[in-house]
Amino acid sequence: MIKEDVDIRDTKSIEEIVDCILTKTYGDEPKNLINYLDSLPQDKAHDYLRSMCVPFLFHASESIYKLSEEPINLYTEKLKELRVLIKSLVDQKNFNNFFDASQEHSSFEDYQSEVKQHTGNHYGNLFKNFDNKSYFEEAKNLLETRLVRNNINLDYGKLSVLDQGCGGGRYTVAWSLLGAAKCTGLDFSEVGLEDAKYRCQLANINNVDFVKGSVLDMPFEDNSFDIVYSNGVLHHTEDWKKGISEQMRVMKPGGWGWQYLIENPGGIFWDNYEILRAITRNLNKKYAQTVLQSLGLPGNRIFYMLDHVMVPINTRLTPEELVTELEKNGAKNIVR
């Protein structure tokens, strides 16, 4: 559904979205930046500036990670620098005139009534822009690296794998490329699943199936899979605990599971995401994606930037919370 110029403002306060505002890790700079951007009109010109905050803060934080200096003060200064820079652009009288003269009008998207539908569309559209190298080769290498780094040695050739929340299916396919006997990807995104099926067909990959369904109520029998892999999924759902319960339910006795979830606290890396979530919470997602594409960024880089920034739910969990829930559902030999 498309509505003309609807007001899609998020009703959450910025303190509810951005934990570091309450802790004052970076003083008042996060709040000052977000409040200033909120004070600007909700139109195409100013949404362009809001969209450009994403690559600015990603590049800023990534450059800070490489330095030996104390990072908190450096990141605080970058937040202030961004606010001053945007204000200088806004204060130029011809700023809006430039956009009015050079850009076509486009309607703002309406939010889907269900979080899972909205989340599915968000990821489905991001994954579609991956080139084949990012989709096949990069995913296989990332998965293999993670398994090796965590000393995980499995006889893939005899095992069935469920990718719980597969999105565009690239990790489902990666398990196949590593030699798993049978791979199943489950997701709620029709866009992502159709793209995944098409790519597998072109690549002649025949031991992978894709099923539409919710990760919180999976359409599989108990004890169905040797491996249940969930990589960056349940923190985007309404009930991550139900997702853990479902993971354990469909896993065979003696099976192996994987959960990658957002950590709390998470340092500058996750604080950066939360600040950007507040800044972009009322943006048209397709417009923000188009802005980043106009910079020449590859699809996998855009996915990395917009992944957690523009999804409706982004829950952060302590390691203790996750371990407690896993044990409650019968998990053994839990290794972080």
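Modeller: Quick one on terms before we start: helices (H or I, at least four residues) and strands (E, at least two) are DSSP runs, numbered from the N terminus. This is a predicted model, where local features need pLDDT of at least 70, side-chain atom pairs count only at pLDDT 80 or more, and totals for chains, interfaces and linings use all residues. Residues are numbered from 1 along each chain as its sequence is written, and side-chain values use heavy atoms, with hydrogens and water left out.

Colleague: Fine. Where is N333, and why is N333 called exposed?

Modeller: N333 sits in the segment after α15 (319-328). Buried means under 20% relative accessible area, exposed over 50%, and partly exposed in between (1.4 Å probe, protein chains only). N333 has a relative accessible area of 74%, so N333 counts as exposed.

Colleague: How do you know whether N204 is buried or exposed?

Modeller: Its relative accessibility is 57%, so N204 goes down as exposed.

Colleague: Why is helix α14 said to be largely enclosed by the rest of the structure?

Modeller: Because 6 of the 8 residues of α14 (residues 299-306) are buried. Those are G299, N300, I302, F303, M305 and L306.

Colleague: Last one: what makes the peptide bond from N264 to P265 cis?

Modeller: Its omega is near 0°. P265 belongs to the loop between β7 (251-260) and α12 (267-279).
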